[in-house]
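The sequence and structure come first.

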Amino acid sequence: MKRILFSTAFVCIMAMAASLLLNTPAETNPSSCKGVFSGYLSSEPSNLDPARGVDVNEASIQAKVFDGLVRYDEKMKLVGNLAESWTVTPDGKELVFKLKQNVFFHNGQALTSSDVVYSLDRILDPAVGSPRTWVLEKIEGAAERLRGESSRVAGITAIDDYTVSIKLSAPFAPFLSLLSMPACYILPSGNAHAISDRSFFEKPFGTGPFKISERVRDSHIRLTANTAYHGQKPRLARIDMRIIPENMKAEMEFESGNLDMLQLYPANYERFKSDPDFAARITDVPSLNVFYIGFNNQSAPFDDVRVRRALNMLVDREKIIKAVYQGRAVAANGSIPPGISGYTEGSNGLEYNPEEGRRLLKEAGYSKTNPLTFDLYQRSAQSAFEITRLLQGELKKHGVVINLKPMEWSALKDAVSKGEAPAFYMSWFGDYPDGENFLFPVFHSSNWGSGGNRARFKNEEIDSMIEDSVKIQDADRRSEAYSRINRKVAEHAPWIYLWHASESYLTSDKVSNMDFSPMFFCDNALTLSVKE
Amino acid sequence: MLEFTLRRLAATIPVLLGILLIAFIVLYLIPGDPAQTVAGPRADAETLARIAEEMGLNQPLHQRFFSYLKRTFSGDLGSSAVSGKPVLESVVEKLPFTIKLAAIAMSFSIILGILAGIISAITQGRWLDRVCTFFSVAGISIPVFLSGLVFLYVFAVRLKWFPSSGFAAENSLMPFILPAFTLGIRSAAFLARIVRSSMIEVLNQDFIRTARAKGLSPMRILFRHGLVNALIPVITVIGLDLSSYLNGSVIVETIFDLPGIGRFAMDAILQRDYPVIQGIVLLGALVFILVNLLVDLLYAWINPKIRDEMLGKLAR
Amino acid sequence: MKTLLRNLTLAGWLSFIGIVLVLLVAIFAPLLAANDPMETDPLRRLSREEGFPLGCDQLGQCVYSRLIYGARLSLIIGFSARLSSLLIGLAIGLAAGYAGGWLDWFLMRIVDMFLAFPSLLLAIAVSMVMGSGIKTVIFALAIVGWAEMARIIRSAALELRSAEYVLAARTLGASHLRIVLTHILPNCLPLITVIFTMGMATAVLSEASLSFLGLGVDPSLPTWGGMVASAKDYMLRRPELVVYPGICIAFLVIVFNIFGDELRDILDPSRKGNW
C-alpha cells in the first residue's frame with residue numbers, strides 16, 4: 001500500500017512537473033547558441049510583410065523570423081515545419097494539417113490554428129492588396145474573398161486549436177509547394193491591429209528561429225537566436241545582416257574579416273578562385289533562376305512578336321556566358337531551369353541567328369535609317385552593367401540602339417510593375433522547385449505586374465494550358481505538360497531568354513555547415529554555425 | 001558692433017527666404033505629380049490622397065508656400081517617402097556621426113594646413129616651400145573618391161591599421177580617422193595656401209621689421225605677432241570651407257560606411273526619396289548661412305577696422 | 001595678355017603646356033585613339049591583346065582609347081559649364097557692381113543664396129529635376145559655379161566704376177550699357193581668364209564626382225569619372241583600371257589649378273591667396 005501510494009505520488013509529481021515544463025516556452029541554456037554570423041543583403045528590404053515582399057532580400061529575413069506550415073529542407077525535400085503532419089483526401093481537394101503544439105511566437109503567445117487561418121486569409125483580403133494572391137487562389141471561397149463578397153475565405157477552417165483544413169476548389173498538385181512560400185508564413189493574429197496599419201513590419205516577429213532585435217534602415221538588421229524555437233535549436237547566437245549595396249564594399253569588408261560570407265560575381269570570382277587560400281571555400285550553387293530581358297508585351301515596339309523573336313536571335317548567349325561566367329551558367333531556352341520538372345532540352349527556335357534576326361526586324365519595319373531604339377531599365381549596380389553594356393554593344397552591331405536606364409532596385413521594381421519599362425533586365429528566382437513556379441507567376445495573364453508577370457504577357461491558349469497542367473496528379477505527365485508550355489511560350493518570345501546562372505558564395509574559415517541549397521536565400525540558418 | 005550685427009542679420013533674412021523658396025519650388029519642378037513625389041512610389045491611394053491634401057495642392061501657390069514655411073519653422077521637414085520616418089528625426093539621429101567626422105577632419109586640416117603654411121612662408125622660395133606647395137595643389141586636385149578608395153584599400157584592407165567600416169564601432173573614434181583624413185587633406189591643402197600667403201604678407205609688414213630690429217627672437221616674432229594676425233583670414237576660410245565638408249561627406253561616408261548625413265543623402269538620392277533630399281539640401285544651406293553669419297560677426301568683433309570696412313560694404 | 005605670358009614662371013609654363021597637351025589630345029582624339037572607345041566585345045574581356053596599348057576593361061573596351069576620348073568629354077563638359085557660369089556670372093556681376101544701390105543688394109542676396117547650397121547636393125537636385133545626360137550635367141555645373149564668378153566680377157566692376165575714364169565717358173553722355181561693354185568689361189578680362197581657368201579645375205572634378213556617384217552622363221560614354229566608377233568593382237583585381245583614369249583626372253585638375261594660380265599671381269600679386 002505504501003509503495004503504491006508512494007509511486008503514485010511520484011508519478012503525479014513528475015506529471016505535474018512535466019506539464020509545468022511543457023506549458024511554458026522551454027528556454028534552453030542560452031550558451032548552447034554560440035557565435036555571430038556577419039552576413040549582408042544587397043539592398044534594404046522594402047517590405048518585410050510576407051504578403052507583400054517579393055524579392056530575395058526580403059525572403060532572406062522573413063525565412064529566419066517566420067515559419068510556414070511546410071518548408072523545403074537542404075535536400076530540397078518538402079517537410080513539415082509548423083505542421084507536424086498532414087493528410088490529403090484522395091480527390092486532392094482537401095488538405096488537413098495537424099499543427100505542432102507548444103510553438104510560441106517571439107512575444108510568448110502560443111501558436112494556434114487561428115493564427116494559421118488569419119495569416120492565410122489575409123493574403124486574399126482585398127484591403128491588404130497582396131501581389132501574391134495567386135498563391136492561394138485555388139482555395140474554395142478565394143474568389144469571393146478577393147471580390148469583397150465575403151469577410152473570410154470559406155475554404156480555410158480551424159477544426160480545433162491545432163488542426164486546420166484547407167479545401168480547394170479544384171485539385172491542384174503544386175499546392176503544398178505553394179504553402180512553403182514566404183507569402184504563407186504565419187503571423188500572430190493577436191497583433192492584427194499593428195499588422196493592418198503596417199507598423200508591425202518595422203520589426204516583425206513570428207515563430208521563427210531568429211528574432212529581430214535591432215533594425216536600422218540602410219544600415220543593418222540584427223537577428224538573435226530564438227532559444228525557445230520549436231524545432232532544432234539554432235546554433236548561432238546572432239546574425240548581423242548588414243545592408244551593403246556595393247559589391248566592392250562587400251568584398252573589402254570580407255577581406256577585412258568583417259563579413260563571413262561574400263557573394264561572388266564575374267568581377268571577383270576568378271581572383272578568389274585562383275587564390276589557394278580562398279578557392280576551397282567557394283561554393284557554386286546551381287540556383288533556381290532564370291535571367292532575362294523582359295519586354296512590355298503590351299506596348300510598342302514589343303507588341304510585335306517578330307521584334308521579340310528577332311532580338312532573341314541577335315544575342316549570342318554562348319559568347320557572353322563563356323566570357324563573363326566562364327561556364328558557370330547555362331543558356332536558357334525556356335524559363336524553367338535545369339533539374340526542375342518541365343526543363344526542356346534542345347532548341348527552341350530562338351538560337352543565335354543574326355541573319356534571321358535581321359530579316360525579322362526588316363519585316364517589322366526597321367532598317368538602318370529607322371533603327372529599333374528602346375530604353376532598357378536595369379539596376380544601377382555595376383554587376384548589372386556588366387551584362388547590359390555587353391548586350392548594348394552586341395545589339396548595336398546588328399543595328400539596334402539601346403539606351404540604358406539604371407535605377408535603384410526598388411525604383412526599378414515599381415517602374416516595371418507599372419508597365420513603364422519597355423524593356424528591363426531582371427531575373428526570376430524560384431520559390432519552390434517545381435516548373436509551375438516558372439510558368440504560372442511569370443506568364444499567366446492574371447499576374448501582371450508585381451505578381452510576377454512583369455512582361456505583361458497574355459495568351460489565352462497558354463493560360464488554359466497552365467491551368468490544366470496543375471490539375472494533373474501524375475508527376476511525370478505533369479512535367480511533360482510543363483515542358484510543352486515552356487516550348488509554346490518560347491514561340492511567343494515574351495522575353496529575351498538569357499541564362500540560368502550559378503550563384504557563387506565564398507565563406508570565411510569561421511563558418512561551418514552553411515547550407516547552400518538552390519533556394520539558399522530562403523534558408524533559415526538553423527544548421528549554420530561559426531567558430532568563436 | 002550692434003549696428004553691424006543688425007545689418008548683417010538683415011542681409012541674412014532674404015537669403016534664408018530665398019533658400020526656402022528654392023527648396024520649395026524644386027519639389028514642384030520634379031516631373032510627375034508632386035504628391036506622388038513626396039509620398040513615394042509605394043504609397044497606396046489612401047496615403048496619396050492624404051498627402052495631397054496636406055500639401056494643399058488645390059490651394060493657390062503663395063498659400064502653399066506659406067504653409068510650407070510654417071511647417072518648416074515648426075520643425076516638420078516632411079517624412080521619408082521610403083520609410084515614412086520624419087526627416088528631422090533621421091537627421092538628428094545621424095548628425096552626430098557627420099559632426100564627429102567633420103570635427104576630426106577640421107582638426108586634421110587645421111593642424112596640417114597651418115603647419116604646412118607656416119613652413120612654406122618661412123622657407124619661401126626654397127625647395128621646402130616648393131614641395132609643400134606642390135602637395136597642397138595635389139591635395140585639392142585629387143578627387144576625394146579616388147583618395148578615399150585608395151586609402152581604404154591600403155590602410156584598412158591591406159594593412160588593417162583601421163577598421164574598414166563604421167559598423168559595430170559604437171563609441172570609438174577609429175572608424176572616423178581614415179575618412180576624416182581623406183576629407184581633411186583637401187581642406188588642409190586649401191588652408192596651407194591661404195596661411196602661406198597671409199603669413200608672407202604679415203611677415204613683410206613694418207611692425208615685424210620693427211620687432212626684428214628691436215632684437216626679439218624670431219620664434220617670438222613668429223608666434224606672437226606674425227601668426228595671430230595671419231590667422232584672421234583663416235577663420236573666414238574655415239567658414240566657407242564648411243560646404244565642402246558636406247559635399248565630401250556624401251562620398252566619404254558612402255565609401256567608408258559611416259551612417260551620417262552624407263550617406264543618408266546618398267541613399268535618398270539612389271532611392272529617389274525626394275522629401276529627404278529636399279530636407280538635407282535645405283539644412284545644408286541653413287547651416288552654411290548660420291556659420292558664415294557667426295564667422296562674420298566673430299571677424300568683425302576681433303578687428304574693428306574690418307568691421308568698418310564690411311559695414312561700409314553692407315550699407316552700400 | 002602679353003604681360004601675362006611674359007611673366008609666367010617655370011611652373012606656369014609647365015602647367016600651360018600641360019593644358020595645351022590635353023587640349024591637343026582631345027582635338028586629335030580620333031587620330032590618337034587605337035580603337036573605337038565604345039566598342040564592346042565579351043571575348044576581349046580584361047585582355048591584353050595586340051592593338052590595345054593599355055589592355056581592355058571588363059567589357060572589352062580599349063582602355064587607352066577611352067582615356068583619349070575621355071579628355072574630350074572632360075574638356076567639353078568643363079568648358080561648356082564654365083562658359084555658361086561665366087555668361088550668367090558676368091551679367092549679374094556687372095549689373096550689380098556697376099549699378100550699385102538696391103539692385104546690387106538684391107542681386108548679391110541671390111548670389112548668397114546659391115553660394116549657400118552645398119554644391120554637390122545642388123547638382124544632384126538639378127539632375128533629379130532634369131533627368132540624366134550631358135545637358136543636365138553641364139547645366140548643373142553651371143548653376144553651381146556662377147555665383148562665385150558673379151561675386152568676384154562684381155567687386156571688380158565696383159572698383160572700376162569709379163575710375164576716371166568711366167566718369168569721363170559718363171559726362172560725355174555715353175549710355176550705361178556702352179560704358180559697361182567698352183570700359184568695364186575689357187578691364188575685367190584678365191580677371192575673368194583667371195577665374196575661368198581655376199573654375200575649370202573644379203568643373204572637371206565635379207563632373208568626375210557626379211559620374212562616380214552614377215549621376216553623370218551615360219556610362220557608355222567615355223568619361224574619366226565614369227571609368228573609375230565602372231572599374232571600382234575590379235579594383236582589387238586590376239587596380240590599373242582605376243588608377244589610369246584617376247591619374248588623368250588629377251593631372252588635368254592640377255595643371256588647371258597651377259596655371260590659374262600663376263595667372264592670378266601675375267595679375268595682382270598683392271591678392272595672393274585671397275580668392
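An open sheet in chain A of this predicted model has four strands in the order E1-E10-E9-E8, with mixed pairing; strands pair if DSSP finds at least two bridges between them. Strand E1 (36-41) and strand E8 (210-216) of chain A are the edge strands, each pairing on one side only. Neighbouring strands of the sheet are turned by 20° against each other on average, direction ignored. Helices (H or I, at least four residues) and strands (E, at least two) are DSSP runs, numbered from the N terminus.

E8(A) runs antiparallel to strand E9 (residues 220-225) of chain A, and six bridges join them. One partner pair is A:Ile212 with A:Leu223 in E9(A). Helix H2 (residues 56-65) of chain A lies across E1, E8, E9 and strand E10 (238-243) of chain A, at about 135° to E8(A). Such angles run from 0 to 180 degrees between N-to-C directions, with axes as lines fitted to C-alpha atoms, for helices over the stretch in contact.

Residues are in contact if their C-beta atoms, placed from the backbone, lie within 7 Å. Between chains B and C, 39 residues of chain B are in contact with 35 residues of chain C. Several helices of chain B supply at least two residues each to this side, including helix H1 (2-29), helix H8 (174-203) and helix H10 (218-256). H1(B) provides the largest share, eight residues.

The contact of chains A and C takes 20 residues from chain A and 17 residues from chain C. On the side of chain A, two or more residues come from each of helix H7 (247-255), helix H8 (266-273), helix H11 (317-325), helix H13 (382-396) and strand E16 (400-407) of chain A. H13(A) gives the most, with seven residues.

The model scores ipTM 0.81 and pTM 0.83. Chain C averages a pLDDT of 85, and 95% of its residues score at least 70; pLDDT is the predictor's confidence in each residue, from 0 to 100. Within chain C, confidence is lowest in helix H1 (residues 2-6), at a mean of 64, and highest in helix H4 (residues 63-99), at 92.

Residues are numbered from 1 along each chain as its sequence is written, and chains are lettered from A and ligands numbered from 1 in the order in which they are written. In this predicted model, local features need pLDDT of at least 70 and side-chain atom pairs count only at pLDDT 80 or more, while totals for chains, interfaces and linings use all residues.

Methods:
Contact = placed C-beta atoms within 7 Å.
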